[in-house]
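Here are some exercises with worked solutions. Try each task before you read on.

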Amino acid sequence: EIGLGAFCECTSLTEISIPDSVTAIGDRAFLGCTSLTEISIPDSVTAINDLTFAGCTSLIKVTIPDSVTTIGYKAFWVCTSLTEISIPDSVTTIGREVFVNCTSLDLTISSTHIHTYIDTFDDIKALYFSEQLLEEGYCSLFLTDKRRKKFPVKNVYIGTERYNAQENPDHIIFKYGYGEKITSVSNYVKRISTFANARANNKRFFFRGESKKHELMIPSVMRESKNAEAEKKTEANERKEFYLGKKEREIFFDVISERPQEFSALSRPSDILSKMQHYGVPTRLLDITGNALMALFFACEKNDKDDGILNIFAPESGEIKNCYSDTVTMLSILPRLTFEEKKELAELANEHSAKKSFSDELYENSPALKHFITEIRKEQPAFSKDIKPNDLLNSVIYIPQKNNTHIDRQDGAFILYGLPIKTQKGDMRSEPDINAEREWEYGFRNLQPMWLTIPHGCKERIRKELDLMGINESTAYTDLSRTAAYVAKRYGM
């Protein structure tokens with residue numbers, strides 16, 4: 001393994017041979033190696049991690065083997081001399097801002113099923129896709145800034161045909177992620193029908209309907225307090241307090257203390273969080289659904305003066321977990337930690353994110369890590385202490401047991417949030433700096449959604465169309481009061 005920042009800012013390094021025995025290259029491993037001109041990655045490596053080659057301004061050629069499946073955040077950021085890269089078919093995910101300021105780059109993507117971000121391609125010279133992409137694949141472009149209107153690359157080729165994505169963003173492989181307007185149910189069904197090929201390849205999609213746009217997609221326990229005057233969204237320290245869930249532990253144990261009988265029969269930490277979320281307790285869960293029409297209903301349900309937003313998630317199979325998952329257990333234990341313990345754990349996880357596990361020395365010297373393991377072993381006595389730090393920084397799709405009618409009716413699932421990550425402050429085109437001040441943001445890079453807009457003037461019409469299909473307030477919710485309201489409205493009362 002080449003560790004975190006192993007050759008960071010080795011400005012005299014001109015070449016390096018990576019042996020086949022290397023299976024992992026840590027974050028920022030070659031960051032700022034300004035004299036490095038060429039590198040070949042062995043086929044024993046499966047991922048190019050965050051900022052691995054960022055700022056290698058003399059790098060001309062990189063060979064990526066078929067073993068690589070993921071290219072991480074800003075992996076080739078500001079590689080201004082890089083002229084060409086071929087992304088093999090094995091790659092399914094390319095992170096945010098990977099090729100920003102690679103102004104000489106001709107980028108070829110051979111993958112026919114790939115998820116990436118619109119800001120991945122900022123400033124590159126040309127982008128080439130396989131012709132097979134049109135026949136059997138898709139390229140999901142996740143929009144990271146909802147204000148953006150144009151695709152960042154003018155010269156896009158699909159096979160040998162040049163396609164101007166800036167002038168015609170409504171292409172089958174580009175149309176998602178632009179806030180495309182949905183005006184009717186039939187319009188919506190037509191749009192999502194393009195997922196059919198992906199479904200045939202066992203790809204799963206999840207949806208979240210929001211009746212109005214929110215600045216951040218984070219769960220309720222991480223949102224700003226409504227009466228907190230001192231906190232400022234723009235200040236990293238304050239943001240970190242909310243992202244860690246400052247009052248999460250108090251809320252969690254208060255609810256259990258008030259109603260212990262409601263939770264005594266639940267054997268898994270994730271089941272406790274699911275039940276709390278169902279009854280409106282602020283948790284680190286965010287509701288989603290596997291039912292596309294149900295999500296459309298939630299996007300149109302209320303706030304008729306605001307446009308609705310429909311988010312579409314296309315996770316990799318490894319990002320979908322059930323209640324038996326160790327990752328789900330770990331993240332579900334976080335509410336039991338104090339704010340200070342979560343802060344310490346977040347710092348450690350960020351610092352050692354490229355490692356396979358926390359070292360024995362860290363276990364001995366970190367009270368927060370010790371307490372975390374102790375709480376996990378209360379639920380799973382045989383749980384190994386070999387926790388992969390990066391697992392604590394990611395959010396996952398959590399599929400709960402359908403043991404209540406609410407989850408069953410809505411085909412409900414959740415995004416289960418981990419700890420926040422640190423990203424470098426400043427403009428994304430500024431030079432990468434290993435020592436720069438870094439901001440906190442949520443580990444949402446692996447689940448960034450595509451999104452569609454529901455114009456506010458179309459909401460009523462869409463609700464009526466959904467009602468004809470049996471999707472309404474009465475069928476979406478299980479409580480009698482909702483059914484009563486629906487029936488009363490039907491008779492104009």
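Contact means heavy atoms within 4.5 Å. This is a predicted model, where local features need pLDDT of at least 70, side-chain atom pairs count only at pLDDT 80 or more, and totals for chains, interfaces and linings use all residues. Residues are numbered from 1 along each chain as its sequence is written, and side-chain values use heavy atoms, with hydrogens and water left out.

**Exercise 1. Find the residues that Phe99 touches, leaving out those up to four places away in sequence.**

Step 1. A nonpolar core is a set of buried Ala, Val, Leu, Ile, Met, Phe, Trp, Tyr and Cys residues joined through side-chain atoms within 4.5 Å. Buried means under 20% relative accessible area, exposed over 50%, partly exposed in between (1.4 Å probe, protein chains only). The largest nonpolar core has 42 residues, and Phe99 is among those with the most contacts inside it.

Step 2. Look for the elements. Strands (E, at least two residues) and helices (H or I, at least four) are DSSP runs, numbered from the N terminus. Strand 5 (84-87), strand 7 (106-109), strand 9 (126-129) and strand 11 (156-158) each give two or more residues to this core.

Step 3. Look beyond it. Another core, of 36 residues, lies apart and includes Leu273 and Leu416.

**Exercise 2. Work out which way the residues of strand 19 point.**

Step 1. Recall the pattern. In a regular strand, side chains alternate between the two faces of the sheet.

Step 2. Apply it. Gly412, Phe414 and Leu416 point one way, while Ala413 and Ile415 point the other way.

Step 3. Check the cover. In strand 19 (residues 412-416), 5 of 5 residues are buried.

Step 4. Find the neighbours. Two strands pair if DSSP finds at least two bridges between them. Strand 15 (residues 285-289) pairs with strand 19 in the antiparallel sense over 5 bridges. Strand 18 (residues 396-399) also pairs with it in the antiparallel sense, over 3 bridges.

Step 5. Focus on Leu416. Leu416 is the bridge partner of Leu285 and of Val396.

**Exercise 3. Sort the lining of the second largest cavity by class.**

Step 1. On a 1 Å grid over the protein atoms alone, a cavity is a set of points where a 1.4 Å probe fits but cannot get out; lining residues have an atom within 4 Å of a point.

Step 2. List the lining. Among its residues are Glu248, Phe252, Leu273, Thr283 and Pro335.

Step 3. Sort. Ala, Val, Leu, Ile, Met, Phe, Trp, Tyr, Cys and Pro count as nonpolar, Asp, Glu, Lys and Arg as charged, and the others, Gly among them, as polar.

Step 4. Name the main source. Helix 5 gives the largest share, 3 residues.

Key
1 Å grid on protein atoms, 1.4 Å probe; cavity = no way out; pocket = protein on both sides within 12 Å on 5 of 7 lines; lining within 4 Å.
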